[in-house]
Amino acid sequence: MNSKNIFVQTYGCTSNKADSQIMMGLLRQAGYRITDNENDADYLIVNSCAVKSATEDKIIHRLKKLSKFNKKIIIAGCLTKVNSERIKKTVPNFSAMIDPRSVHKIVDVVEQVKDGKENIVELSEKPADKPKLPRFSFSKVIDIIKLSEGCLSNCTFCATKLARGNLYSYRPDIIRDAVKAGLDEGFREFHLTSEDSSAYGRDIGTSLSELLESVAKIQGKFFVRVGMMNPLHFKKIELKDLIEAYKNGKIFKFLHLCVQSGSNDVLKIMRRGYDAEDFIRYVQEFRKDIPDLNLHTDIIVGHPGETEEDFEQTLNLIKEIKPDFVNISKFGARHGTLAAKMEKINTEIVDGRSKILHKLVKKISLEKNQKWLGWKGEVIIDEEGEDFVEGRNFAYKPIVIKEKINLGDIIDVKIVEAKENFLVGNFQ
């Protein structure tokens with residue numbers, strides 16, 4: 001049996017995907033073979049997520065199943081910091097656990113496991129310069145590059161701070177170098193990701209707008225998607241500079257700005273540090289200069305303390321702002337957070353509110369997409385299915401084309417149909 005086969009399973013956000021790509025890149029560089037079949041693998045790596053209780057339960061169920069394979073199990077990711085005790089209870093025979101700031105140590109950890117060591121726990125205060133590390137990409141077109149690690153917020157509901165610590169921004173020069181290296185390897189779409197992109201640079205004397213301006217000056221035809229942002233840090237940045245950076249043709253007109261609630265009372269309970277009016281103003285400022293902005297936001301339904309009136313305010317905010325997409329989460333207490341100690345709202349009430357919001361969001365998403373009917377323009381093809389490809393236009397709108405076109409091609413498309421979650425286009 002080849003003792004160098006490794007299976008990696010990833011849960012969670014783009015940051016987690018980036019960490020998996022780094023671990024896989026380092027392992028491949030060290031001579032290990034990455035396999036997509038756990039049955040062929042000698043080492044099973046699960047890169048875990050801790051953002052939702054439902055996701056945690058799914059990961060725990062998966063670990064129970066994998067523990068029966070009689071193989072070496074290494075657990076990475078956020079759950080190792082947020083609820084390591086549950087992992088130890090579920091798989092007491094685990095080979096190793098490594099936190100998100102230790103992914104650069106994966107080869108050493110696997111080597112220790114190979115030498116017969118068990119129950120290794122690897123935690124690091126400071127991450128390596130992740131953009132410099134080799135990456136095994138999941139895509140031929142998209143390269144994921146980390147901007148920073150951790151965040152500056154202390155939200156009641158979120159375990160991210162517990163998992164990834166305080167903000168640690170990577171230097172602009174190494175991020176630019178990573179983009180240049182990606183271009184040399186043939187990537188044409190770059191996802192600049194972090195736990196909170198709007199906080200980028202505050203610990204090293206720079207800003208997201210400065211970074212985007214410098215990245216956009218790199219020679220070549222490519223596009224950049226900026227990751228999730230927190231309205232709190234929009235208070236502390238020059239918004240006009242960020243909007244100006246967004247106007248560059250290389251930056252997707254995609255803004256993922258997480259409001260979480262339309263009620264100022266709930267936002268206060270959540271310790272978000274801004275109010276609903278701030279969020280509305282920021283969106284309006286962006287749309288004034290970028291009318292076709294593709295706005296995504298997040299809403300938590302049923303956070304402790306949310307009344308019917310608070311929920312109505314959230315509905316009103318969504319009706320006013322009309323985002324293109326809303327990521328809706330029913331509140332689930334996260335281990336170690338302040339909200340976990342607060343009085344919960346009845347599950348049936350939360351379920352009911354969630355259904356009402358889902359219905360509203362679907363209606364708005366379809367209406368927003370219908371406005372793209374007849375649009376013509378460039379689309380970069382970045383995903384493929386059996387009998388279709390999917391691409392993104394300048395606003396990062398997903399466009400399905402029912403033809404076989406090469407990944408990475410940039411083609412002219414006309415939008416002929418609108419669905420709730422995507423557009424349908426014809427190759428021109």
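The model is predicted: local features need pLDDT of at least 70, side-chain atom pairs count only at pLDDT 80 or more, and totals for chains, interfaces and linings use all residues. Residues are numbered from 1 along each chain as its sequence is written, and side-chain values use heavy atoms, with hydrogens and water left out. Helices (H or I, at least four residues) and strands (E, at least two) are DSSP runs, numbered from the N terminus.

**Cysteines**

- The whole structure holds 0 disulfides. A disulfide is a pair of cysteine sulfur atoms within 2.5 Å.
- C13 has its closest cysteine sulfur in C49, 6.4 Å away, so the gap is too far for a bond.
- C258 is also in no disulfide; its nearest cysteine sulfur belongs to C155, at 9.8 Å.
- C13 is partly exposed, at 43% relative accessibility. Buried means under 20% relative accessible area, exposed over 50%, and partly exposed in between (1.4 Å probe, protein chains only).
- C258 is buried, with a relative accessible area of 3%.

**Surroundings of C258**

- C258 sits in the loop between strand 12 and helix 11.
- Setting aside neighbours within four places in sequence, C258 is in contact with M228, M229, P231, R272, Y274, T297 and D298. Contact means heavy atoms within 4.5 Å.
- F187 is 71 residues from C258 along the chain, and their C-alpha atoms are separated by 28 Å.

**Helix 12**

- Helix 12 has 14 residues and spans 21 Å from first C-alpha to last, close to the 20 Å expected at 1.5 Å a residue. The expected span is 1.5 Å times one less than the number of residues.
- Its buried residues are A276, D278, F279, I280, Y282, V283 and F286.
- These buried residues pack against helix 9 (231–234), helix 10 (239–246), strand 12 (254–256), helix 11 (264–270), strand 13 (294–301) and helix 13.

**Helix 12 against helix 13**

- Helix 12 (residues 276–289) and helix 13 (residues 308–321) pack at about 10 degrees, with axes 11 Å apart. The two helices are therefore roughly parallel, a term for angles under 35 degrees.
- Axes are lines fitted to C-alpha atoms, for helices over the stretch in contact, and angles run from 0 to 180 degrees between N-to-C directions.
- From helix 12, A276, F279, I280, V283, Q284 and R287 meet L317, E320 and I321 of helix 13.

How values were computed
Parallel < 35°, antiparallel > 145°, perpendicular 65-115°, else oblique.
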